[in-house]
Amino acid sequence: REVAATMEVLTEAWEDTKGQKVPSIAKAWAAICLLLNVFLPGVGSAVAGIMEKRWSTVLIGVLQLATCWFIVGWIWSIYWGYLIAYYSTG
C-alpha cells in the first residue's frame, strides 16, 4: 500500500515535470536558491519546490544533483537558479 502511494506521487511529479514552470518565490529566497544552485547543484531548486509544494521541481533538483558530476547538471542547476531569481516576486 505504501509503495503504491509512493509510486502515485512519483508518477504525478513526473507528469508535472513535463510542463514544468519555474517557481515564483520571494526575492530573498530566490537569491538564496540561486546561490545554493551554484554551490550545491539542485539544492536550491529542491528548496524552491518544497516552498511552492511542487514535487516536480523537487524532482528536477534531485536530477540536477544526480547529473552535476557530468557538468550538465551543474549548468542546468545554475540556469534554473537564474530563472528562479528572474521570476521571483516582491
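This is a predicted model: local features need pLDDT of at least 70, side-chain atom pairs count only at pLDDT 80 or more; totals for chains, interfaces and linings use all residues.
Is Thr11 buried, partly exposed or exposed? Thr11 is partly exposed, with a relative accessible area of 45%.

**Confidence**

Over the protein chain the pLDDT averages 88, and 92% of the residues reach at least 70. Helix H1, which spans residues 2-18, has the lowest mean pLDDT among the elements of the chain, at 72. The highest mean, 96, belongs to helix H2, residues 27-39. Thr11 is part of helix H1. Its C-alpha atom is separated by 9.7 Å from that of Ser56, a residue 45 positions away along the chain.

**Accessibility of selected residues**

| Residue | Relative accessible area | Class |
|---|---|---|
| Thr11 | 45% | partly exposed |
| Cys33 | 0% | buried |
| Cys68 | 11% | buried |
| Tyr86 | 55% | exposed |
| Ser88 | 12% | buried |

**Cysteines**

How many disulfides does a search of the whole structure find? The search returns zero. A disulfide is a covalent bond between the sulfur atoms of two cysteines. For Cys33, the closest cysteine sulfur is that of Cys68, at 17 Å, and this is too far for a bond. Seen from Cys68, the closest cysteine sulfur is in Cys33, again at 17 Å.

**Helix H5 and the segment after it**

Helix H5 covers residues 72-86, and Tyr86 is found in it. Where does Tyr86 take part in a nonpolar patch? The patch is on the surface, and Tyr86 forms it with Tyr79, Tyr82 and Tyr87. Together these four tyrosines have about 510 Å² of accessible area. Tyr86 itself is exposed, with a relative accessible area of 55%, and therefore lies over the 50% limit for that class.

Ser88 is located in the segment after H5. Ser88 is buried because its relative accessible area, 12%, is under the 20% limit. A polar atom of the Ser88 side chain lies 2.8 Å from the backbone oxygen of Ala85.

Note on methods
Residues are numbered from 1 along each chain as its sequence is written. Side-chain values use heavy atoms; hydrogens and water are left out. Patches are made of residues with over 30% relative accessible area and no salt bridge: like charges are joined within 9 Å, nonpolar side chains (Val, Leu, Ile, Met, Phe, Trp, Tyr) within 5 Å. Accessible areas come from the Shrake-Rupley method with a 1.4 Å probe; for residues, only the protein chains shown count as cover. A salt bridge is a side-chain nitrogen of Lys or Arg within 4 Å of a carboxyl oxygen of Asp or Glu. Helices (H or I, at least four residues) and strands (E, at least two) are DSSP runs, numbered from the N terminus. Buried means under 20% relative accessible area, exposed over 50%, partly exposed in between (1.4 Å probe, protein chains only). pLDDT is the predictor's confidence in each residue, from 0 to 100. A disulfide is a pair of cysteine sulfur atoms within 2.5 Å. A polar contact is a pair of N or O atoms within 3.5 Å; within protein, one must be able to donate a hydrogen and the other to accept it, and residues adjacent in sequence count only if both atoms are side-chain atoms.
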